[in-house]
Amino acid sequence: MSQFIVETDTPNGYKLKLQTGLFINNEFVAGSDSIDTINPATGKLIASVQAADKNDVHTAVKAAEAAFNGPWGKMSALDRAALMFKLADLIDRDNEELSQIETLDNGKGITFARLFDVKQIAISLRYFAGYADKVHGKVIDTEGALSYTRHEPIGVCGAIIPWNFPLMMLGWKLGPALATGNTCVVKTSELTPLSAYKVAQLVVEAGFPPGVVNIITGYGAVAGDALARHMDVHKIAFTGSTAVGRLIMKAAAESNLKKVTLELGGKSPNIIFDDCDLDQAVRWAHKGIFFNHGQTCCAGSRIYVQASIHDEFLKKFKEYTSQTKLGNPHDDDTFQGPQVSQTQFDRIMGFIDTGKKEGATCFMGGERWGNEGYFIEPTVFTNVKEDMSIVKDEIFGPVVTVSKFNGVEDVLSMALDTEYGLAAAVFTKDTARALDVSNRLKAGTVWVNCFNELDYNTPFGGFRQSGIGRENGEYALDNYIQVKTVKININRKP
Amino acid sequence: MTQADIQTIRLTNGKTANVHTQLFINNEFVPGNGPLIETINPANEEVICKVHSADEQDVNLAVESAYKCYYETWRKVAPAERGRLLNRLADLMERDKDEIAILDAVDNGKAFAVARDVDVTESIGCYRYFAGWADKIHGKTIDTTFDKLCYTRHEALGVVGAVIPWNYPTMMAAWKFAPALATGNTIVMKSSEVTPLSTLKFGELVKEAGFPAGVVNIITGYGHTTGSYLSSHPKISKMAFTGSTFTGRKIMESSASSNLKKLQLELGGKSAQIVCADADLANAAFWACGGIFNNHGQSCNAGSRIFVHESVHDKFLELFIAETKKIVIGDPFNEDTFQGPQINKSQFDKILNYVKIGKEEGAVLAYGGKRWGNKGYYVEPTIFTHCNNSHRIMREEIFGPFVSIGTFKTIEEAIDLANDSDYGLAGGVYTSDLDTSIKVTNEMQAGTVWVNCYDIFDQSTPFGGYKQSGFGKELGKYALHEYTQVKVVKIQRLSKI
């Protein structure tokens with residue numbers, strides 16, 4: 001196991017022993033390839049990690065299958081829950097170490113890692129552990145037969161998770177999958193593989209049987225594709241871009257019609273009416289786009305402000321955004337760290353250039369920040385037209401467009417003019433308007449007088465091309481069970 | 001001078017233990033103003049110690065504490081935090097498992113090993129089960145007309161009153177505390193004056209776990225005084241009661257004449273076990289024996305009537321008696337004891353009187369029927385045969401290790417015989433035929449029906465009776481309904497869109 005440990009220090013001197021092997025069957029093993037993972041704050045190498053190819057994926061799937069048909073499948077719900085609670089306790093115990101790894105690999109501010117990301121995976125595990133012995137079928141009245149449903153686990157569930165919230169996304173998948181009795185093969189993003197391997201060490205310490213949780217990293221086109229196509233994986237959960245979501249669905253269709261849930265991209269509209277609390281709206285709008293450096297699927301990346309307060313909003317927004325502290329993500333007070341990779345950096349800068357070329361006004365920001373790492377200034381475009389690429393396409397960076405609107409019909413037609421439907425927000429003090437607009441927005445989450453507020457127990461997912469299925473809350477259980485109807489004949493004749 | 005809270009008690013195995021004896025109100029042990037009550041060790045008929053009891057003033061203090069705590073503190077605590085506290089409580093019970101089991105064994109007379117492995121273990125499971133529900137209490141949104149938002153809130157009731165019996169002191173407390181607290185209520189519980197000790201120990205753990213003061217309040221006292229003050233208190237929103245049907249009626253009358261508080265009653269039973277001709281008789285004998293003799297017959301759901309198909313009656317009886325002979329009666333602190341003493345003299349006398357009645361009625365005493373030993377309230381496992389539904393020993397709840405056995409010819413007859421009772425708590429059927437098991441389970445008028453087993457409980461399946469065995473469900477998701485009230489909110493949008 002120790003052959004894959006890499007020792008390193010964070011920029012602030014915290015000592016880490018990073019696990020870099022593939023986690024299969026409770027062991028850390030070599031992969032067929034290796035991938036370099038970079039510190040996005042410096043652009044320098046952190047470590048080289050083992051990467052999985054199709055054969056490694058197969059090994060992991062077989063391990064998960066053996067565990068499902070073996071100890072995990074026979075374990076009582078209570079015992080499963082006890083293991084999940086134990087894992088959550090260990091994650092809380094090692095919060096600092098996990099936060100340091102997350103910040104080093106992803107670049108997010110360490111205060112967010114400590115208080116949000118690492119806490120959330122433990123919260124998900126605990127919440128769903130509480131559901132383990134509460135997965136109910138129904139008895140349904142039928143004449144002459146006893147009919148009931150069983151909500152059975154699916155078996156081996158595959159999950160492909162992104163780099164923007166590595167640990168939290170791991171929690172959103174493991175929680176419901178394990179609680180309902182499945183075993184898992186999780187492919188982490190090759191950009192941020194490190195924190196999940198630390199969790200893997202805790203999986204062993206908690207006492208999970210081998211094969212229940214398997215964590216591997218690799219390229220999407222190699223390991224991800226292999227998982228999505230594997231004939232013995234009967235469900236795949238994917239969070240990432242809409243483009244890759246299509247590939248996953250295609251792979252599922254071409255292989256064994258495995259059940260698919262997708263959490264994809266968004267271009268969520270933030271609608272600010274003139275009767276809102278403007279100062280609050282400014283703060284929420286800031287959080288809506290600049291939280292996690294804009295690397296959030298539900299980011300409020302299009303802001304629509306009612307005409308009469310538009311200029312004042314911009315003024316206040318610029319003032320508030322100017323205070324955003326960019327810097328070393330390992331500093332406690334850093335709000336915005338670097339974007340996750342060179343590729344993302346280039347892509348976002350590309351959008352900024354396009355925005356300028358298409359004739360939008362770069363109201364603030366628009367440049368690289370610093371001269372090391374992938375930092376981009378918080379960027380605001382005004383004077384945009386609805387058909388501009390910066391208004392239509394998901395940028396996934398700290399770039400927001402601000403537009404003017406006159407009234408409800410006018411803003412709704414702009415807000416709804418999108419292939420996405422992940423989230424949306426409306427700021428107003430008028431109850432009737434809040435209810436009416438939230439009813440009419442086609443989005444999986446609609447915020448009223450807030451933004452980016454997610455709770456572990458309220459469902460999250462997209463309308464339209466933002467995805468299929470819901471995560472979190474009781475609704476998540478549906479993704480990981482299959483319904484069997486049993487009909488016992490009493491007195492029916494053939 | 002008032003008795004100190006901690007008293008040292010002597011166990012029958014020569015060891016000692018320290019117990020709380022005062023009332024637990026607002027996270028503190030405080031003296032009671034009611035009379036000191038002696039609690040007796042039924043294994044040796046000796047006084048264990050005296051405990052404080054609550055008079056009307058004390059009940060008022062407890063209710064006011066719970067009320068204040070609910071409005072000022074508990075209802076603002078996040079649901080997930082409630083769940084966390086319940087899990088913490090379960091952890092502490094795990095830590096103190098032996099100590100709690102000792103208290104139940106000395107106070108109730110049940111075998112220590114049973115108290116530890118069944119009562120306390122299942123209680124811990126109950127707290128963990130309901131801890132998981134705390135942040136999963138969902139209302140609904142309900143679409144009505146286009147211009148309204150309608151939704152339901154499942155709110156806590158406020159202060160819940162609970163009165164629990166002596167047959168499973170720790171477990172009966174858990175069945176009330178766990179769902180009440182998980183759903184956000186505060187609680188005042190009156191334990192049985194016959195078995196007060198383990199519930200008071202629980203108060204100590206509640207404080208250690210970190211519950212805010214006033215969430216849990218525990219008072220000891222007599223039913224007709226303390227219990228009565230509680231069930232008529234105007235600030236109690238709901239009474240949850242487990243005990244006799246007789247007392248259940250009193251609680252219901254109290255509610256009617258006070259503030260129409262909501263009620264949940266778990267009362268008596270005279271549950272029937274049906275043994276069919278095609279049953280695996282050895283299996284049936286094993287389960288049926290436990291069905292009546294578990295906990296010395298002191299279970300509301302005891303399978304105290306057995307109806308056997310006439311063709312297999314003699315064979316079944318032979319096997320049943322053989323199983324009964326395996327029962328080890330003895331001191332609760334011997335590791336192989338299965339059956340300890342009955343709870344007290346009054347029950348002891350009542351059971352032996354039923355032996356007399358059974359004989360007078362013309363039933364046949366096939367086994368037992370006498371006191372066991374010469375110290376402690378021990379009664380031999382007792383079997384009467386040739387019983388029919390006109391016999392008092394077939395109609396009335398005896399609440400002891402006493403079973404009445406009759407026969408039947410057809411399954412329809414067996415179902416009718418089983419249903420011919422004012423009670424409807426539980427039942428059982430032993431058969432190898434799927435159709436028979438479905439028919440009997442569909443038609444039996446009982447809250448729980450066991451097939452090819454008896455007396456098996458799970459935290460996640462509900463328990464509660466039909467007919468005069470009570471109403472309301474404990475355990476499972478169904479229990480949540482008992483401790484919440486539904487508010488509908490309808491928001492009308494003004495039409496100025």
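Modeller: Happy to! One term first: a crossing is called right-handed if the near helix is turned clockwise from the far one by less than a right angle, and left-handed if the turn is anticlockwise. Please keep in mind that this is a predicted model.

Let's begin in chain A. Helix 3 of chain A passes helix 7 of chain A in a right-handed crossing. Helix 3 of chain A covers residues 77–93, and its axis lies 9 Å from that of helix 7 of chain A, at an angle of about 130 degrees. That angle makes helix 3 of chain A oblique to helix 7 of chain A. On the helix 3 side of chain A, the contact uses A:L83, A:K86, A:L87, A:L90, A:I91 and A:R93. Facing them from helix 7 of chain A are A:V199, A:L202, A:V203, A:E205 and A:A206. Sorted by class, this contact has 8 nonpolar residues, 3 charged ones and no polar ones.

Helix 7 of chain A also has a link to another helix. The side chains of A:K198 and A:E97 form a salt bridge, with 3.2 Å from N to O. A:K198 sits in helix 7 (residues 194–206) of chain A and A:E97 in helix 4 (residues 95–106) of chain A, so the pair ties together parts that are 101 residues apart in sequence. Over all chains, a search of the whole structure finds 60 salt bridges.

Now for chain B, where helix 2 (residues 79–95) of chain B and helix 6 (residues 197–209) of chain B have axes that come within 9 Å and cross at roughly 130 degrees. Helix 2 of chain B is therefore oblique to helix 6 of chain B. Their crossing is right-handed. Helix 2 of chain B brings B:L85, B:R88, B:L89, B:L92, B:M93 and B:R95 to this contact, while helix 6 of chain B brings B:F202, B:L205, B:V206, B:E208 and B:A209. The class count here is 8 nonpolar, no polar and 3 charged residues.

Helix 2 of chain B has a further partner in helix 5 (residues 169–182) of chain B, with the axes 10 Å apart and an angle of about 160 degrees. Angles over 145 count as roughly antiparallel, and helix 2 of chain B and helix 5 of chain B are therefore roughly antiparallel to each other. This crossing, too, is right-handed. From helix 2 of chain B come B:R82, B:L86 and B:M93, which meet B:T170, B:A178, B:L181 and B:A182 of helix 5 of chain B. By class, those residues are 5 nonpolar, 1 polar and 1 charged.

Finally, a word on how the chains meet. In chain B, 20 residues are in contact with 20 residues of chain A. About 1800 Å² is buried between chain B and chain A, and carbon and sulfur atoms give 64% of that area. The salt-bridge count between chain B and chain A is 0.

Notes
Residues are numbered from 1 along each chain as its sequence is written. Chains are lettered from A and ligands numbered from 1 in the order in which they are written. This is a predicted model: local features need pLDDT of at least 70, side-chain atom pairs count only at pLDDT 80 or more; totals for chains, interfaces and linings use all residues. Side-chain values use heavy atoms; hydrogens and water are left out. Axes are lines fitted to C-alpha atoms, for helices over the stretch in contact, and angles run from 0 to 180 degrees between N-to-C directions. Helices (H or I, at least four residues) and strands (E, at least two) are DSSP runs, numbered from the N terminus. Angles under 35 degrees count as roughly parallel, over 145 as roughly antiparallel, 65 to 115 as roughly perpendicular and the rest as oblique. Contact means heavy atoms within 4.5 Å. Ala, Val, Leu, Ile, Met, Phe, Trp, Tyr, Cys and Pro count as nonpolar, Asp, Glu, Lys and Arg as charged, and the others, Gly among them, as polar. Buried area is the accessible area (1.4 Å probe) that two parts lose on being put together, summed over both. A salt bridge is a side-chain nitrogen of Lys or Arg within 4 Å of a carboxyl oxygen of Asp or Glu.
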